[in-house]
Amino acid sequence: MYRESLILIISFFAVSFAGCRGTGDAVTFAVGGAPNEIEFWEKLVNEFTRQTGIKVIILRQPTDTDQRRQGLVISLKAGKSDPDVFLMDVAWVAQFGASEWLEPLDDYIKKENLNLDDFFNIVNLVDRYKDRLIALPVYIDAGILYYRKDLLKKYGYSEPPETWGEFVDCALKIQKSMRKIKPNFYGFLWQGAQYEGLVCNWLEFAASNGGGIILKEGKIKLNLPSNVKALQFMFDLIHTYKISPPNTFTEMKEEEVRISFQRGDALFERNWPYAWALHQSEDSYVKGKVDIAPLPHFASGKSVSTLGGWHIGISKYSDAKSKAFKFLKFVVSYTTQKKLALKLGWNPGRKDVYNDQEVLERLPHLAKLKSVFENALPRPNLPYYTQISQVLQHYINAALSGKLTPEVALSRAEKEAQNVIKRYERK
Ligand code: GLC
């Protein structure tokens, strides 16, 4: 008995000590995303190790951006040396910058001769904090409309609808016919669960009606007639027209939407560009049957996509900073960015890849998206944006579930968001 306990105690210390020693010479890289994305990162990491002899350990994160952020915040708040390097949602780069969790990259960039002009101007808009460069863009996202071109054609439509009014008519008509063959067929899938993706979707509906998040001199405006109308429309998609499924506000995030559309269960889908490559994969039911278009808009508004995307940065607490920078440089290199575009359908953060002949030939839809990307609407680039977003997530979702009317939901959201700003400004 005594002997057994002793062995247990010794092995406990051995394991704990190994844990304290960290990852030694290796670089740890935290990244999440759809399963095919993680698989691809694994390949890339192996290639990097072959080229440089530097080992990289992948810390797998979930797909949901809020969960990815929380995972990183726990390590960074505790000043842990791992992960050394990670991807950050454009929505939280400002928070990480202001928290001083990121290693400034300027000196490394100079030393390694990296040319910042190769990247989109987003570098200057998002990746700087107090004039120091804290991150670089890996890929840029914007919300787009995926549609079944085969079904539109079959039902007599030559183009996807441009206004939300025409969109509802078209979805209702096709859904009704398709239900005869597929009882669970829906007109439109989008992200309505309570998380960051919901705010991105709401912003698109609201801004396509001339609304959005209005921030001026420390005052926030959310309860605007244009925003109320857009939120009412989102509610109607689920409960009145019933062209979006009832689990839209409980379950629908990017992957739920993507998988259901890919199974052939819907006519329209709102998603990010990553879904394109997956829809075209060998085992996809919708392969060759899909096309993309800008999102529809309200009659008096114009199409708006939320600007998304992911940026790479190095932890200030990393104990392997120069190796981590070598990895960062590899990720934003022309060759890797081209691979990410070709294999994952991502829109590179580097401008020069868009002129690549092979990329242009194999991804003709990138050219179609150019104006969508150029006009994409950023979320407020504020250190406390994620707190405002949490307020919005809660109230928009409450309106979608019917717990609150759109007007009450937005007026409460406005009040609480104003308190977030006050609290932050008092600090
Ligand atoms: C995508 C976007 C990101 C956004 C997230 C919401 O990952 O790139 O910016 O916040 O979706 O779910």
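Visitor: Why is helix α10 called oblique to helix α18?

Guide: The axes of α10 (residues 225–239) and α18 (residues 385–401) come within 8 Å and cross at roughly 45°, axes being lines fitted to C-alpha atoms, for helices over the stretch in contact, with angles from 0 to 180 degrees between N-to-C directions. Angles under 35 degrees count as roughly parallel, over 145 as roughly antiparallel, 65 to 115 as roughly perpendicular and the rest as oblique, and therefore α10 is oblique to α18. The model is predicted, so local features need pLDDT of at least 70 and side-chain atom pairs pLDDT 80 or more, while totals for chains, interfaces and linings use all residues. Residues are numbered from 1 along each chain as its sequence is written, and side-chain values use heavy atoms, without hydrogens and water.

Visitor: How do you know which residues of α10 and α18 meet?

Guide: Contact means heavy atoms within 4.5 Å, and by that rule Leu231, Met234, Phe235 and His239 in α10 meet Ile396, Ala399, Leu400 and Ser401 in α18. By class, this contact has six nonpolar, two polar and no charged residues, where Ala, Val, Leu, Ile, Met, Phe, Trp, Tyr, Cys and Pro count as nonpolar, Asp, Glu, Lys and Arg as charged, and the others, Gly among them, as polar.

Visitor: What makes a space a pocket or a cavity?

Guide: On a 1 Å grid over the protein atoms alone, a cavity is a set of points where a 1.4 Å probe fits but cannot get out, whereas a pocket is an open set with protein on both sides within 12 Å along at least five of seven lines; lining residues have an atom within 4 Å of a point. By this rule there are two cavities of 30 Å³ or more, and the largest cavity has a volume of about 290 Å³, a volume being the space filled by probe spheres set on grid points joined across faces, edges and corners. Of the 22 residues lining the largest cavity, Thr63, Asp141, Glu254, Trp272 and Trp310 are the closest to its centre, and the lining divides into eight nonpolar, six polar and eight charged residues.

Visitor: Which element gives the most to the lining of the largest pocket?

Guide: The largest pocket holds about 700 Å³ of space, and of its 25 lining residues, Phe120, Ile140, Leu307, Phe373 and Glu374 are the closest to its centre. Helix α17 gives the most, with five residues, helices being DSSP runs of H or I with at least four residues, and strands runs of E with at least two, numbered from the N terminus. The lining has 17 nonpolar, four polar and four charged residues.
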